[in-house]
Amino acid sequence: MSRSRHSVEAIVLASQEARADRVITLLTEEQGRFPSYAKGAMGSTRRFGAHVEPLTCSQVELAVGGSGMPKLLSATTVQTHAVLKADLLRFSLASTMCEVVLHLVPEHGREEGVYALLKRALGHLNRPDVETSEDHLLLFELKMLSLGGMLPELGQLRVDSAVQSTLEAWLSGTWRPLHREGRGRLAHQLETRIQDASGRALKSRAFLDQMLDER
């Protein structure tokens, strides 16, 4: 069966070596999450290079159809997210967000609103004027669980009234920080739900905790 060419904007969630090639996991608005392979990517920095680094938003051209995963023909960067990549805390928060997507959206799966949510979250972390905190990740996790229908009523979360009030404000579009004790309890509950849904823990959490401890 012949393959057709398809161009789409995508966020690179992950990249893995496969001998001289790379397997690039992409997230798009219409197709959701899926793997693609970039033939010869390990030796072709001009064709691919930084365009297929995790956390990058790129316009990609794919050969789709037939058997096997889509072939990545070319990629052009739309947004490098250079600010968040240059800051270890921003980088670790963004990496954890991408891992949350990998946990909650199955391969070849699509959840309405996930692409827009991740693109907006990465853009926010990429703003140098934004004061970065774990709260950005918690809001992202909260919304990801909500989009997937895995979030109970806020009243069912084991948090105090101040945290519940803050979460209600977040979901209505008003931003304010959580207090430290409530942040830790909320993070544990949200990530337990993510782990229960996927069957595995967030690997990037350990590095993020190290970054948070150093602040």
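**Helices and single residues, with reasons**

Guide: Helix α2 passes helix α4 in a right-handed crossing. The model is a predicted one.

Visitor: What makes a crossing right-handed?

Guide: The near helix has to be turned clockwise from the far one, by less than a right angle. The crossing of α2 with α4 is of this kind.

Visitor: Why are α2 and α4 called roughly parallel?

Guide: The axes of α2 (residues 88-104) and α4 (residues 135-147) cross at roughly 15° and come within 10 Å. Angles under 35 degrees count as roughly parallel, and α2 and α4 are therefore roughly parallel to each other.

Visitor: Which residues meet where α2 touches α4?

Guide: From α2 come L93, T96, M97, V100, V101 and L104, and from α4 come H136, L137, F140, E141, M144 and L145. This contact divides into nine nonpolar residues, two polar and one charged.

Visitor: How are α2 and α3 described, as roughly parallel or roughly antiparallel?

Guide: They pack at an angle of about 175°, with their axes 10 Å apart. An angle over 145 degrees counts as roughly antiparallel, so α2 and α3 are given that name.

Visitor: What meets what between α2 and α3?

Guide: On the α2 side are R90, L93, A94, M97, C98 and V101, and on the α3 side V114, L118, A121, L122 and L125. By class, the contact has ten nonpolar residues, no polar ones and one charged.

Visitor: Is the crossing of α4 with α6 left-handed or right-handed?

Guide: α4 passes α6 in a left-handed crossing. That name applies when the near helix is turned anticlockwise from the far one by less than a right angle. The α4 and α6 axes cross at roughly 35° and come within 10 Å.

Visitor: Which residues make the contact of α4 with α6?

Guide: D135, L137, L138, E141, L142 and L145 of α4 meet R183, L186, A187, L190, E191, R193 and I194 of α6. Eight of the residues in this contact are nonpolar, none is polar and five are charged.

Visitor: What makes α4 mostly covered?

Guide: Ten of the 13 residues of α4 are buried, and buried means under 20% relative accessible area. Among the buried ones are D135, H136, F140 and M144. The buried residues of α4 pack against α2, α3 (114-125), α5 (161-171), α6 (180-198) and α7 (205-213).

Visitor: How do you know that the length of α4 agrees with its residue count?

Guide: At 1.5 Å a residue, 13 residues should span 18 Å, and the end C-alpha atoms of α4 are 18 Å apart, so the two values agree. Just after α4, G149 takes a positive phi of about 70°.

Visitor: Which residues other than glycine have a positive phi?

Guide: H81 is one of them, with phi near 60°. H108 also has a positive phi, about 70°, and is not a glycine. H81 is found in the loop between β5 (71-79) and α1 (82-85), while H108 lies in the loop between α2 and α3.

Visitor: Are H81 and H108 buried or exposed?

Guide: H81 has 5% relative accessibility, under the 20% limit, so H81 counts as buried. H108 has 55%, and over 50% means exposed, so H108 counts as exposed.

Visitor: Why is E9 called partly exposed?

Guide: E9, in strand β1 (residues 4-18), has 22% relative accessibility. Buried needs a value under 20% and exposed one over 50%; E9 therefore counts as partly exposed. Contacts of E9 include L27, C57, Q59 and Y115. E9 and Q59 are 50 residues apart in sequence, and their C-alpha atoms are 4.3 Å apart.

Visitor: Is T25 buried or exposed?

Guide: T25, which lies in strand β2 (residues 21-28), has 14% relative accessibility, so T25 counts as buried, the limit being 20%. T25 touches residues including I11, L13, F34 and L102.

Visitor: What makes L178 buried?

Guide: L178 has 6% relative accessibility, under the 20% limit. L178 sits in the loop between α5 and α6 and touches D135, L138, V163, T166, W170, R183 and L186, apart from residues up to four places away in sequence. Its C-alpha atom is separated by 39 Å from that of E17, 161 residues apart along the chain.

Conventions:
Residues numbered from 1 in each chain as written. Predicted model: local features only at pLDDT ≥ 70, side-chain atom pairs only at ≥ 80, totals over all residues. Heavy atoms only, no water. Axes fitted to C-alpha atoms, helices over the stretch in contact; angles between N-to-C directions. Helix = DSSP H or I, 4+ residues; strand = E, 2+ residues; numbered from the N terminus. Parallel < 35°, antiparallel > 145°, perpendicular 65-115°, else oblique. Contact = heavy atoms within 4.5 Å. Nonpolar A, V, L, I, M, F, W, Y, C, P; charged D, E, K, R; others polar. Buried < 20%, exposed > 50% of the residue type's maximum accessible area, 1.4 Å probe, protein only. Expected span 1.5 Å × (residues − 1).
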